[in-house]
Amino acid sequence: MGQRIDVNHLNVYYGDFHAVDDVNMVIEPNKVTAFIGPSGCGKSTVLRTLNRMHETTPGAHVKGEVLLEGKDLYAPDTDPVAVRRDVGMVFQRPNPFPTMSIRDNVLAGVRLNNKRIAKSDADDLVEWALRGAALWNDVKDRLDKPGIGLSGGQQQRLCIARAVAVHPQVLLMDEPCSALDPISTLAVEDLIGELKDEFTIVIVTHNMQQAARVSDTTAFFNTQGSGKPGHLVEMADTTTIFSNPQSEETENYISGRFG
Ligand SMILES: Nc1ncnc2c1ncn2[C@@H]1O[C@H](COP(=O)(O)OP(=O)(O)OP(=O)(O)O)[C@@H](O)[C@H]1O
């Protein structure tokens, strides 16, 4: 089952630069939450703080709280590697390991977590993850071929299979369809709808139609301009955000007046 995330007074900094100001939000379990907003408003930054991935950028740090099912992801005794196991991530560009087979790509995260796994269990896990990522039928006869030999859309689904294989509670997706053609995009969007039965999903997208199609809840971020921190303007049911937003800023953005 997916888990809930509470974000309390989250501020994010790159060195001295205050990139995101005072975000408060609840990300509901087993729902798809979309982050939308103009370039530079902090969508990816906030997403990356939900599994401490921003810490891979030197100087990036947070103030405030991120709670996964009530547990503070930034508590001193919390292991970031364990956080990333519970909160998986799929990136903008499909990034299968180029020298690995399809099968080994699916198992890569499990092996990185130092889990020993028997061959038959590995076979079951590979099939389960690839079925979950709607890729099994495409690849079941070529599991030992390189992952890099798949189409872009298939590679992205392989990356989703690799992410789900470690059984995370939450799946973060940073513009997962931006490098895909329209047919692959639809396949990944359908998949997101199915995956929410098992995981909590947060997706950053530039595409408002995509947010409207795939998400239950939408968070609109904005910034007063370059050099100014991004902030959360409002968050509500996706239908409310697109049909009856509270803020004029949101109204202007979704009606295409800026961004
Ligand atoms: N590695 C970094 N070092 C310094 N500043 C950064 C870094 N990454 C992002 N920023 C800054 O933080 C702010 C938020 O950036 P972020 O990438 O989160 O925005 P975004 O809404 O995801 O934008 P986009 O839609 O263009 O991807 C911007 O002002 C950006 O310039």
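I began with burial along helix 7, where I found Ser184, Thr185, Val188, Glu189, Leu191, Ile192 and Leu195 to be buried. Looking down the axis of helix 7, I noted that these buried residues fall within an arc of 160 degrees, so they line one face of the helix. I set beside this the general point that an α-helix has 3.6 residues a turn, so residues three or four places apart point the same way. On the other side of helix 7, I listed Pro182, Ile183, Asp190 and Glu194 as exposed. I kept in mind that this is a predicted model.

I next looked up what the buried residues of helix 7 pack against, and the partners include strand 3 (32-36), strand 7 (170-174) and strand 8 (200-204), along with helix 4 (119-132), helix 6 (152-164) and helix 8 (208-214).

I then checked the length of helix 7, whose 14 residues (182-195) should span 20 Å at 1.5 Å a residue, and the end C-alpha atoms are 20 Å apart, which agrees. At the N-terminal end of helix 7 I found a cap, Asp181, with a side-chain oxygen 2.9 Å from the backbone nitrogen of Ile183.

Is Leu150 buried or exposed? Its relative accessibility is 6%, so Leu150 counts as buried, the cut-off for that being under 20%. Leaving aside neighbours within four places in sequence, I recorded contacts of Leu150 with Ile102, Leu135, Val139, Arg142, Gln155 and Leu158. For Val139, I noted a separation from Leu150 of eleven residues in sequence and 8.8 Å in space, C-alpha to C-alpha.

Notes: Residues are numbered from 1 along each chain as its sequence is written. This is a predicted model: local features need pLDDT of at least 70, side-chain atom pairs count only at pLDDT 80 or more; totals for chains, interfaces and linings use all residues. Side-chain values use heavy atoms; hydrogens and water are left out. Helices (H or I, at least four residues) and strands (E, at least two) are DSSP runs, numbered from the N terminus. The expected span of a helix is 1.5 Å times one less than its number of residues. Buried means under 20% relative accessible area, exposed over 50%, partly exposed in between (1.4 Å probe, protein chains only). The arc is that of the directions from the helix axis to the C-beta atoms. Contact means heavy atoms within 4.5 Å. A polar contact is a pair of N or O atoms within 3.5 Å; within protein, one must be able to donate a hydrogen and the other to accept it, and residues adjacent in sequence count only if both atoms are side-chain atoms.
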